[in-house]
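Trainee: I am new to this structure. Could you show me how to read its features, one at a time?

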Amino acid sequence: MQTMPDLPAGYQGQIRLDDLTGKQLVTIRHPSSLTLRILPYPGFVRMFAAAAVPFGSIHTTCRPGGREIVIPAGSAHFLEHCVFSRDDEGGLAGHLAGLGASANAYTTHDHTLYYFSSSGHFGEAFRLWLNALLRPQLDESRVAAEKPIILAELSQYQDDPDARCSQLLMEGLYHAHPVRTDIGGTAASVTSITAQDLGEAFRLFYHPGQLQLTLAGDFELAMVLDVLDSCLNGVAGKSPGLATPVFPDEPALPCRQSLQLEMDVSVPLFMVGVKDPVRDARTALDGLEKARRQRTARLVLDTLLSPVSPLYDALYQDGLINDSFGCHFSWDTSYGFLACGGESAKPAEAAARLRESLAEACRKGLDELIFAAQKRAAAGEMVQALDSVEHGGMVQARASLLPVDLFDYPSIYDKIDAVQALSQLSFLADPQAYVTALVEPRR
Amino acid sequence: MRIYTGDKDSLPAARRGLALGFFDGLHRGHAELVHTLLSLCGLRGLTSAVFTFANHPEHVLKPDKPFAYLGTAEERLALLDEMGLDEAHLADFTPELAALSAGTFLEELIAGRFLAQLLVVGPDYRFGARGEGDVALLRTWTAKRGIELVVVDEVVMGAGKISSSRIRSLIQAGEVDQAATLLGRPYSLGGIVLSGRRLGRTLGFPTANLPLPPGKVCPALGVYATRVLALGQTWEAITSIGLRPTVSPDETTPVIETHIFDADLHLYGETITIELLAFIRPEQRFDSLAALSEQIKADLEQVRGWHRGSEQCYEKTRSGGVPLFLLSSRRFAQASLHLVFQTQATPRQLACNALLVEVLTATCRTYPDRTRLALALDTLYGASLEGHAGKSGDIQTLVFSVDALARWTDGSSPFQAACDLLFAALLEPDLDADDGLFRTSIVESERTNLLLSLQARANDRLKWTYDRCLEQFCGGQVHGLPAIGRACDLEAVSREDLLESYHDLLHNMQLSVYLGGPVDQSLLEHVAALLKRLPQAVRPRLKPGLQPAPCHSAAPGRDVTVKPVEQARLVLAYDGLPAYFAHQSSVAVLLNSMLGGDVHSLLFDVIREQMGLAYQVFSMSQRFLSALFILAGVAPDQLEAAEKAIQEQVERLAGGRFDDALMQRSKMMLTSALKAAGDDMSSLLSREVSGRLTGRLLHVQDSIRLIEAVTREQVIDLACQLRLRTTVILTGQPDHKAEEN
């Protein structure tokens with residue numbers, strides 16, 4: 001790690017050279033307290049930018065400065081739509097298209113991520129995009145115009161068996177935690193959202209000190225700093241204080257263990273969820289520890305449930321799962337759960353076998369050989385990700401939410417062993433923690 | 001291709017489609033004409049033939065004016081053969097032939113001798129004494145005779161239409177890169193390597209020397225970045241074409257001297273071909289050999305750098321007729337090897353081949369269960385080995401690929417080991433010891449997987465509606481089926497069928513191999529050695545124009561299905577886009593982007609943002625069907641309004657009621673995406689595969705220029721050609737009351 005020379009007054013910067021990949025990561029702290037990470041890609045044409053905002057669908061109650069603020073469900077997602085507000089010239093997306101840049105964004109339970117990429121005119125596109133992000137149109141007319149589009153989006157998910165199955169699972173896993181509500185909110189909550197709600201949420205979560213910017217590509221640093229200075233001018237200094245989220249008490253065990261929905265589907269679906277009881281205090285964990293836990297969970301899941309595992313193979317050979325089978329572990333300071341599933345001709349049997357076998361596999365312990373192979377695969381995938389400007393940029397953008405550098409991952413993998421790893425996910429061995437959600441054809 | 005010379009050869013009685021022209025260089029304009037001929041002959045059941053001359057008419061008509069060719073007659077015939085014509089008729093252009101009247105030419109030769117039912121010509125085609133015959137005369141004559149006439153538009157690239165004379169001028173000016181763009185391949189010079197004075201070897205850079213081939217266009221004298229085809233391989237090289245003023249001041253005939261990088265080849269007496277890629281500097285006279293030597297060292301460095309930075313894909317070698325294309329790039333850590341099998345498939349074969357791909361990539365003799373193969377790949381730092389079945393029109397493409405890190409920090413090559421695994425999967429299948437067929441357990445679990453995936457497409461309402469529209473638009477042709485076939489065919493595949501398909505895969509399908517990424521000599525040699533393990537076979541070659549075959553859209557139709565859905569889905573299919581091999585494809589790409597290909601498009605802006613009629617609405621062009629599809633999800637009570645508004649956007653383009661900003665934005669987005677493709681090895685290799693399938697292999701920069709050159713009038717003209725053929729709607733009562741238990 002070396003300090004960057006020749007930065008303007010008020011800036012702090014460091015350059016990290018990674019031994020494994022030979023690549024650099026530049027981290028700069030803007031005087032406004034915004035953090036920017038740059039992955040240089042010499043010789044590449046593509047340029048990528050991402051902004052991670054720590055505002056997701058679960059942030060429905062906050063207590064900044066002792067005052068409690070209630071934010072309607074779906075506000076994070078609504079705000080994401082408003083950043084792409086349109087005008088007579090097509091709004092942000094239209095203006096960016098004029099520069100050959102394409103932008104997108106997504107909202108999760110715990111964050112919102114905006115990104116765009118271009119193959120030229122990056123400076124202009126970066127300026128437009130950052131301005132839209134820092135100064136979205138949040139008036140009643142904009143909110144009224146966006147509502148039917150968001151409601152149509154929610155209505156579309158009603159026809160999507162995957163989305164319905166996932167939602168069913170969340171409702172089985174959680175009693176009260178806002179993670180049980182769809183990321184986009186409900187039709188009623190979206191209808192109730194006002195410009196004032198969005199304005200308040202914006203002031204709480206979109207302060208430069210909360211934003212994590214990531215750039216990847218072949219840039220001139222001076223251009224980047226110039227854009228930052230001009231866009232952040234007038235924005236800095238409005239911090240309302242830390243937007244500490246507040247969550248209701250959530251029982252350790254699931255709300256319901258078995259849920260079923262009948263829909264017009266040609267192939268049934270199943271999902272199995274396992275609830276992390278969150279018995280430890282997690283709010284004070286540093287970025288590296290959060291990354292270690294996240295990566296550990298990933299290695300355990302790959303060992304137990306990816307095509308390399310005997311469990312996956314047995315289910316596949318017996319025709320209970322197909323290629324669509326997938327699993328993920330979602331984790332934050334206030335909740336955690338494993339979700340896995342996919343299409344199946346015999347969803348109830350698939351779910352039952354999965355529940356029994358997964359709990360049993362956890363009781364037996366991890367296969368050391370498979371676990372070691374997953375560590376190598378994960379380390380290799382980090383290097384592979386860096387072959388792509390967008391992929392590398394996206395991996396770093398997500399890592400910055402913790403916050404860590406993506407170059408931290410290989411050393412994290414080195415330190416994880418199979419026994420420790422499984423102990424972190426000990427709740428997988430508890431049959432009471434399991435929930436099954438099925439989507440079956442209408443009878 | 002059968003070659004007929006002179007008018008004395010007796011011809012088999014056949015109804016012919018005939019392309020007429022000289023075709024010097026067989027450039028992109030000529031290629032479009034030949035592809036059109038092949039396509040129409042395929043549709044009409046005609047023998048495809050070209051009538052041309054061995055010598056250029058200018059030799060006879062303007063004997064005092066020197067004339068140089070882009071290619072010899074042999075080269076021209078070889079290229080025509082490669083394109084897949086049935087016959088070539090080669091005549092000597094003599095004073096007697098020059099004196100033949102246009103009428104006699106048509107009656108005696110075209111109708112009488114060739115029994116032509118179809119003529120394909122360029123707009124400038126002239127024939128008969130003093131060039132009295134032209135396209136207008138042809139129109140009158142063919143109409144009277146009941147012969148079909150197709151006049152293929154000239155192809156415009158860069159400063160104007162592509163012509164052989166324009167390409168000759170570019171080569172003479174040293175603009176060989178531009179010449180290659182118009183030709184569709186680099187300009188080349190070939191011959192037998194002569195014994196030289198070995199001056200190069202003395203100076204440390206041995207050269208292979210050739211005389212300038214007589215009759216061919218002489219490029220500007222100077223130094224070039226080149227590739228050399230010699231001893232069955234292609235090598236990166238540097239070439240000097242000149243009079244050698246420093247060492248041979250009295251030389252009057254240009255000599256070609258080529259130094260091949262990183263190889264010490266003995267080429268004296270060998271026939272080699274030199275492809276001219278880029279002009280580096282003009283020929284220069286130096287005061288001393290030392291100064292010349294210094295300059296050559298600088299040239300070597302520059303050209304080596306040029307090769308390193310150019311990242312061009314080229315055929316490196318062939319093994320048993322299988323070409324190995326190499327795209328070397330040092331920007332990436334990961335290397336890729338793609339084995340691309342292609343075949344014109346029946347519906348049953350689609351299903352059988354797709355199942356075969358899954359079975360082959362599941363296990364092999366060394367790793368007889370899936371988990372062990374997966375473990376081996378994970379151990380190679382997350383290497384991937386995949387099989388994929390795709391489809392372009394009626395051509396099924398089966399890709400077996402590995403992507404892995406070329407080197408790990410310990411010096412090992414995960415990629416090399418992954419390539420070994422790929423060939424083990426492909427060539428050492430895990431067959432049942434008793435009956436020699438694929439094992440039942442593997443076949444059945446892969447069949448279940450595919451069947452479920454196929455059936456699950458219907459879980460996605462928009463995909464279901466699109467699939468139904470596609471099937472109806474194609475009227476039962478294989479073009480409209482999924483790449484993995486139909487469920488009924490998949491269910492019927494037997495283990496015996498699979499073994500037969502496996503044999504077909506290895507022996508009867510076109511096969512091309514693509515190697516990309518940071519490939520050093522040892523990796524290249526390793527892959528070349530693996531290729532030698534493939535069985536020897538005479539594999540067929542797809543011929544753009546003929547294969548993929550064009551798709552005829554079915555009669556116009558409208559289909560409405562009622563199901564319990566929250567949102568109605570609407571898919572509209574238009575025909576009228578140009579053929580996949582046509583130069584006008586660039587206009588179609590731009591039109592799609594303007595209509596609904598992106599978030600700045602008319603459909604997104606008007607239907608979603610302004611009218612709030614849909615959350616999801618977009619268009620996509622299906623170039624192998626010459627069709628454009630529009631897909632939308634709308635509230636059932638707004639279906640009619642949405643359908644009307646969507647059709648109005650197509651009419652808006654046809655009526656020219658769009659501003660220039662829309663077109664500019666689309667151009668910016670498309671060029672940006674094209675540039676981005678250059679940063680992604682997988683996209684670069686896909687471009688190569690697709691370019692060879694369509695017969696329109698273009699460098700990224702050339703694709704960008706074509707998009708930038710599209711005019712407003714071209715977009716309007718093309719939009720006017722669009723005709724709505726098929727409408728499929730899925731609608732009904734909301735499903736939100738789905739039963740929860």
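Mentor: Start with strand pairing. Two strands pair if DSSP finds at least two bridges between them. Keep in mind that this is a predicted model.

Trainee: In which sense do strands β12 and β14 of chain A pair, and over how many bridges?

Mentor: First the general idea. Strands of a sheet pair through backbone hydrogen bonds, either parallel or antiparallel. Here β12 (residues 269-275) and β14 (residues 336-343) of chain A are antiparallel, with 7 bridges. Look at G273(A): it faces A339(A) in β14(A).

Trainee: In what order do the strands of the open sheet in chain A run?

Mentor: Read across the sheet. The order is β11-β15-β12-β14-β13 in chain A, 5 strands with mixed pairing. At the edges stand β11 (258-263) and β13 (326-331) of chain A. Each has a single partner strand, so one side of each lacks a neighbour in the sheet. On average, neighbouring strands of this sheet are turned by 15° against each other, direction ignored.

Trainee: Which strands does helix α9 of chain A touch as it packs on the sheet?

Mentor: Helix α9 (residues 287-305) touches β13 and β14 of chain A. The direction of α9 makes about 160° with that of β13(A).

Trainee: Now the domains. What does the assignment give for chain A?

Mentor: It gives domain 1 (2-232) and domain 2 (258-441) for chain A. Their C-alpha centres lie 26 Å apart. The contact between them takes 38 residues from domain 1 of chain A and 32 residues from domain 2 of chain A.

Trainee: Which element gives the most to the domain 1 side of that contact in chain A?

Mentor: That is α5(A), with 10 residues. By class, the domain 1 side in chain A has 19 nonpolar, 10 polar and 9 charged residues.

Trainee: How is chain B divided?

Mentor: Into domain 1 (2-154), domain 2 (164-310), domain 3 (323-531) and domain 4 (557-731). Take domain 1 and domain 2 of chain B: their C-alpha centres lie 35 Å apart. Their contact takes 8 residues from domain 1 of chain B and 11 residues from domain 2 of chain B. On the domain 1 side, 4 residues are nonpolar, 2 polar and 2 charged.

Trainee: How many residues of chain A and chain B are in contact with each other?

Mentor: 62 residues of chain A are in contact with 61 residues of chain B. On the chain A side, α12(A) supplies the largest share, 10 residues. That side divides into 27 nonpolar, 23 polar and 12 charged residues.

Trainee: Last, confidence. What pLDDT does chain B average?

Mentor: Chain B averages a pLDDT of 95, and 98% of its residues score at least 70. Residues 736-741 of chain B are below 50. Where pLDDT is low, the predicted coordinates should not be read in detail. For the model, ipTM is 0.95 and pTM is 0.96.

Key:
Residues numbered from 1 in each chain as written. Chains lettered and ligands numbered in written order. Predicted model: local features only at pLDDT ≥ 70, side-chain atom pairs only at ≥ 80, totals over all residues. Helix = DSSP H or I, 4+ residues; strand = E, 2+ residues; numbered from the N terminus. Axes fitted to C-alpha atoms, helices over the stretch in contact; angles between N-to-C directions. Contact = placed C-beta atoms within 7 Å. Domains from an automatic or database assignment. Nonpolar A, V, L, I, M, F, W, Y, C, P; charged D, E, K, R; others polar. pLDDT = per-residue confidence, 0-100.
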